[in-house]
Amino acid sequence: MTRALYLTLPVLALLAACEQAPKGVDVNKLDAAVGEAVGDPNTCVLLVTKGGGDVVYRYGTHANCRRPLPSCQGEASLSAEALGKLAAAGETRTVSCDSGPNGENRVAWASGPAPKSAGAKHGDLAYAALMEGPGVLPGREIAIRLEAALVKGGL
């Protein structure tokens, strides 16, 4: 029985690490608000510390957040995690373009400073968002919906 416990603890620790949110924010409420606004199987939303770029919240899978896709500006490709680092340094982005071998999909990017409600217990944050698929919202629309969702989610 002790051996099973030792094998289970790392798995539980990994699951707990996925359930993170900025200090003072209910992760379930934030997940629900983000999911309602921009949720889809190919979405990644990151909240990162401004200046440092540490991820304090992730919506979407690690695979979605790490996969390189057309950047729609400048760089040939970009991942949501790389955009998170750019957002932490102050970059804002709202772009979209065709993706896939025949342009059958679209990719959209949004990043900027995260809204902060009065009494927030977390520091200054930035967001980075990625959506990819056939019916993707434009980058500007993602930014508008996501910023409202972050406020609704308790940020």
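These legends go with a few close-up views of a predicted model.

**View 1. The whole chain, element by element.** The chain has 5 helices and 7 strands, counted as DSSP runs of H or I over at least four residues for helices and of E over at least two for strands. Reading from the N terminus, the order is α-α-β-β-α-β-β-α-β-β-β-α. Of its 155 residues, 40% count as buried, meaning under 20% relative accessible area with a 1.4 Å probe, protein chains only.

View 2. The average pLDDT (the predictor's confidence in each residue, from 0 to 100) is 87, and 88% of the residues score at least 70.

View 3. Buried here are G139, I142, A143, L146, A149 and L150. They lie on the same side of α5 because they cover an arc of only 140° around the axis, taken from the directions from the helix axis to the C-beta atoms. The face turned away carries R140, I144, V151 and K152, which are exposed, that is, over 50%.

**View 4. What packs over α5.** Cover for the buried residues of α5 includes α2 (27-38), β1 (44-49), β5 (93-99), β6 (105-113) and β7 (125-133). After the helix comes G154, with a positive phi near 100°.

**Notes.** Numbering starts from 1 along each chain as its sequence is written, and side-chain values use heavy atoms, leaving out hydrogens and water. Local features need pLDDT of at least 70 and side-chain atom pairs count only at 80 or more, while totals for chains, interfaces and linings use all residues.

Notes:
Contact means heavy atoms within 4.5 Å.
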